[in-house]
Amino acid sequence: LGPDEKEYTSKQAMKVAVDDYTELQIIQRTGKSAVDVDNLSGELSQLAEAAFTGNKKVLKSRWSKMNKAVMKQTQVPLYPFLCRYMDVFAVTQSRESRKDMNRLYLLHILNHVLTSRTRVQRHNRQIKELEEKKDKDETMENEVEQERFRDQGFTRPTVLVLLPTRGTCHQFIHDLMRLSGADDKNPHVERFDVEFGKSEAEEEDGAPIDLKKEMRRKEVLEQKGKDWNALFGDDVNQDDDFKIGVSLTPKAANAKRKEARRASNVQVKLYTDFYKSDIIVASPLGLKMLIVPDEDGKDGDKDFLSSIEICLVQQADVMMMQNWDHANDILSMLNSEPQKNNDTDFSRVRNYFLEGQGANWRQLILSTDVVDPFLLSAFKRFGKSVSGSVKIRRKIPPEDAALANVLVPMKQVFQRVPVSSLDQQTDGRVQYFVKNILPQLQRHKQKHTLVYIPSYFDFVALRNILLKREISFVSVHEYSRHTEVSRGRARFLQGRKPIMLYTGRCNFFHRHAIKGVSHLIFLGLPEHPQFYSEHVNLINTTSKFE
């Protein structure tokens, strides 16, 4: 059904409480079979198990060992909707639940690719047999053009996986090879581990290692938390410019030896050309650098994105901190009309691709740790699946909320800033601070005041106002040099600079433990709720800095 048809555009939105702390928001389109939500909360487990039975045998045999269960409690509410190819917006609340969901996405992707490749191989054999029969019998009608052989898109890649860092890509590819049962002796695995694995630290020539300094450095890294070390620690590669093609070929149909079939039914190749790949794993920046126009103004090649059927955006909150515009640009390029022929067999291309409706049959999976307007806007804009969409949200029990983690007894004031419209909220926050809070700081000559600013644009606006008024302050942001950060933190601790402007992105990437904080002002709530309690607990309540 096309997007202009009335039946497609009509929607039904509903909310379903799975349990006390899990809620599903489902949008159904009447063009597809409806989901029975009347008794959904009590039947999700049966639906998930029924959907699991439809997976390829090679995946089911390894899934239980890898996942340590057929379906975990965090995976049950989502898996039936993944299998229906609905657009999914999933919010995770912990590292363990994030790992469980990532494995579930991988299972879904591998099953989709292997099913598609098996179908293509089967049709190839059938077409070859029909052509051989036709050569022998000239009176035989041409059956090769039958609709049942339309099993492809314009190009081979059907899955796009967007990840924030090489470290996350390294984990994804190794999980893929483990679940598919691919041979670890793959000739490209060693190269992959070198380029995407643990980054080697640069050592000064002939310089002895200061053990005390190294131990202190590791202690500081541990204090930054497990989530930070999983993304930016010493054991992972934090580079955000990468791209790699992966091809999967089921070997059961062509394997001549039973031993080969028992060893592995799937052949996985890394570093394949994009037009010969089934899965493209990349960062938004790495893919955009490949597609952007060159120095001569010639547009880059993006035809390999014309037939994407599943797009997984994993850890979208990290990409939002990097630059969400890159992700938006990549999502806007999906399923666009190819500019070249690319050796496409148009007799095998599905009709909805030929009619320019590929985006309506694409599944978008967006996984994040936080809910943000930018992410919701992208999901609403690019989630066009005719199967509908689902948002899964974990309700936080009061004892696990960020406010419950505040250990320092103090008064906390939440001030709502009145604005006439949402597009004026940035100016409204800054002007409220300048007109109502800043005069009080100057009048009382208040020192050791940390101003946490989630938005970099708010930071620039406030910094320019303070500079214009010649107010003494120091700023620590994501573009500050290491020497500037050290000097600014020292001056703030010593009281020579009464105010510090500290950006949310700088805190996300570096997690500085700011010392000497007696007063804390949030110019807007942090994107990640744990940042609130972490900074409030930094406040020194003794009289040392009063």
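1. Arg350 and Glu309 form a salt bridge in this predicted model. Their closest N and O atoms are 2.9 Å apart. Arg350 lies in the loop between helix H12 (316-333) and helix H13 (351-354), and Glu309 in the loop between helix H11 (284-291) and strand S8 (310-313), so the pair ties together parts 41 residues apart in sequence. Arg350 is buried, at 14% relative accessible area. Glu309 is buried too, at 7%.

2. Asp278 and Arg117 also meet in a salt bridge, at 3.8 Å from N to O. Asp278 sits in the loop between strand S6 (266-270) and strand S7 (279-282), and Arg117 in helix H5; 161 residues separate them. Asp278 counts as buried because its relative accessibility is 2%, under the 20% cut-off. Arg117 is buried as well, at 17%.

3. Arg429 pairs with Asp458 in a salt bridge (2.9 Å, N to O). The link runs from helix H15 to helix H16 (residues 456-468), across 29 residues. Arg429 is partly exposed at 21%, whereas Asp458 is buried at 0%.

4. The salt-bridge count is 19. Arg95, Arg98, Asp227 and Asp369 are linked in a network of such bridges.

5. On the surface, Glu129, Glu131, Glu132 and Asp135 gather in a patch of negative charge. Asp135 belongs to helix H5 (residues 95-136) and is exposed, at 63% relative accessibility.

6. Leu403, Phe414 and Leu525 make a nonpolar surface patch of about 360 Å². Leu403 is in the loop between strand S10 (389-394) and helix H15 (425-443).

7. The disulfide count is zero. Cys83 is partly exposed at 28%; Cys169 is buried at 0%.

How values were computed
Residues are numbered from 1 along each chain as its sequence is written. This is a predicted model: local features need pLDDT of at least 70, side-chain atom pairs count only at pLDDT 80 or more; totals for chains, interfaces and linings use all residues. Side-chain values use heavy atoms; hydrogens and water are left out. Patches are made of residues with over 30% relative accessible area and no salt bridge: like charges are joined within 9 Å, nonpolar side chains (Val, Leu, Ile, Met, Phe, Trp, Tyr) within 5 Å. Accessible areas come from the Shrake-Rupley method with a 1.4 Å probe; for residues, only the protein chains shown count as cover. A salt bridge is a side-chain nitrogen of Lys or Arg within 4 Å of a carboxyl oxygen of Asp or Glu. Lys and Arg count as positive and Asp and Glu as negative; His and the chain ends are not counted. The place of a charge is taken as NZ of Lys, CZ of Arg, CG of Asp or CD of Glu. Helices (H or I, at least four residues) and strands (E, at least two) are DSSP runs, numbered from the N terminus. Buried means under 20% relative accessible area, exposed over 50%, partly exposed in between (1.4 Å probe, protein chains only). A disulfide is a pair of cysteine sulfur atoms within 2.5 Å.
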